[in-house]
Amino acid sequence: MTDHPSTIEAHDRASQAAAALIELTGIRHHDVAVVLGSGWVSAAEALGTTVAEVEMTQLPFFTSPVVAGHAGRVRSIDADGVRVLVFFGRTHLYEERGVDAVTHGVRTAAAAGCRTIVLTNGCGGLDPSWQPGTPVLIKDHLNLTGTSPLHGAHFVDLTDLYSSRLREICKRLDPTLAEGIYGQFRGPMYETPAEIAMLRAIGGNLVGMSTALEAIVARSLGMEILGISLVTNLAAGMSGQALNHEEVLAAGTAASTAMGGLLSRVIRELG
Ligand code: 8IG
């Protein structure tokens, strides 16, 4: 199959960003990429020794994330010999920079050598037993954005998208971990209670504005994917209260130190 011109361009932009990353960090090859979503930022401290850190805007075709809690830096970490590339923050579809901007970090991670990617997010939960601060392994997703991050007639298999092998490793390390189905909406508005009822009816129990499009591109590039959501709020209409971005961040921050411990152990198992 011949790649669509837009795929070649996206690949070329990622190659340029990866080359700049090598230049700025001095690290020729990374093994594992980690994308930290809302509330996950302090999880990074537990991962290992920081080798280098760059501003996303120093790398070609990266734009600084606009959302509070998304710091816009890329850090190279040594986790007992596993070279980890940590993205603090991501570009979201609702920023209206297009699907290539949303997935540029994933493509760059692949170009930098990463064969595994850990996609994290803060999200709403549809299971009332998941209190704010509950981590949930993503088992599968529902892409409700109405768009695709792939270009042209690129038929990518999405079975076992969120690696059962990596989920088993996580569950061995923490048998209390639940699994869920993540529904990605475009945002930036949170859902209506009716939309949450729809998501529940079609099998979703986690809801957010990221991850699914990134996972699709990661799979298209042959990466093994681990997805972990941190439930930071009950989904709309479930708590009797309005959703508030600051509260969402606070719930994430409180839980993210524990999340760092889990991520750190998983990453060492990969090495
Ligand atoms: I954090 O309840 C977080 N992100 N769409 N809905 C959507 N995104 C979210 C939510 C939520 N909580």
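What you see is a predicted model, in which local features need pLDDT of at least 70 and side-chain atom pairs count only at pLDDT 80 or more, while totals for chains, interfaces and linings use all residues. Residues are numbered from 1 along each chain as its sequence is written, and side-chain values use heavy atoms, with hydrogens and water left out.

A word on terms before the strands. Helices (H or I, at least four residues) and strands (E, at least two) are DSSP runs, numbered from the N terminus. Two strands are said to pair if DSSP finds at least two bridges between them.

Let me start with strand 7, residues 178–184. How many of its seven residues are buried? Five of them are, and strand 7 is thus mostly covered; buried means under 20% relative accessible area, exposed means over 50%, and partly exposed lies in between, with a 1.4 Å probe and protein chains only.

Strand 7 has a parallel partner in strand 6, residues 134–143, with seven bridges in the pairing. Within that pairing, Ile138 faces Gly180 of strand 7, and Leu142 stands opposite Gly183. Strand 7 also runs parallel to strand 8, residues 206–208, to which three bridges join it. There, Tyr182 is placed opposite Leu206 of strand 8.

Both of these strand pairs belong to β-α-β units. Strand 6, helix 3 (residues 164–173) and strand 7 form a right-handed one. Strand 7, helix 4 (residues 193–201) and strand 8 likewise form a right-handed unit. The term right-handed applies here if, with the strands pointing away from the viewer, the path from the first strand over the helix to the second runs clockwise.

Strand 6 has a further neighbour in strand 9, residues 224–234; the two run antiparallel and are joined by four bridges. In this pairing, Thr134 stands opposite Val231 of strand 9.

I turn now to strand 4, residues 82–88. Because six of its seven residues are buried, strand 4 is largely enclosed by the rest of the structure. Strand 1 runs parallel to strand 4, with five bridges between them, and Val34 stands opposite Val86 in strand 4. Strand 3, residues 73–79, pairs with strand 4 in the antiparallel sense over seven bridges. Val86 of strand 4 is also the bridge partner of Arg75. In the hairpin of strand 3 and strand 4, two residues lie between the strands, and Asp80 takes a positive phi near 50 degrees.

Asp80 brings us to Gly48. Where is Gly48 found? Gly48 sits in the loop between strand 1 (32–36) and strand 2 (49–55). Its C-alpha atom is separated by 7.2 Å from that of Asp80, 32 residues apart along the chain. Leaving aside residues up to four places away in sequence, Gly48 touches Ile77, Asp78, Ala79 and Arg268, where contact means heavy atoms within 4.5 Å. Gly48 counts as partly exposed because its relative accessibility is 28%.

Finally, the helices. Axes are lines fitted to C-alpha atoms, for helices over the stretch in contact, and angles run from 0 to 180 degrees between N-to-C directions.

Helix 1 (residues 5–25) packs on helix 2 (residues 99–111) at an angle of about 60 degrees, their axes being 8 Å apart. Helix 1 and helix 2 are therefore oblique to each other; angles under 35 degrees count as roughly parallel, over 145 as roughly antiparallel, 65 to 115 as roughly perpendicular and the rest as oblique. Their crossing is right-handed; a crossing is left-handed if the near helix is turned anticlockwise from the far one by less than a right angle, and right-handed if clockwise. Among the residues of helix 1 that meet helix 2 are Ala10, Arg13 and Ala14.

On helix 5, residues 212–220, the axis comes within 9 Å of that of helix 2, and the two cross at roughly 55 degrees. This crossing is right-handed too. Residues of helix 2 in this contact include Val99 and Val102, and those of helix 5 include Leu213 and Val217.

Helix 3 and helix 6 (residues 245–270) pack at about 125 degrees, with axes 10 Å apart. The contact involves, among others, Leu166 and Ile169 of helix 3 and Leu262 and Val266 of helix 6.
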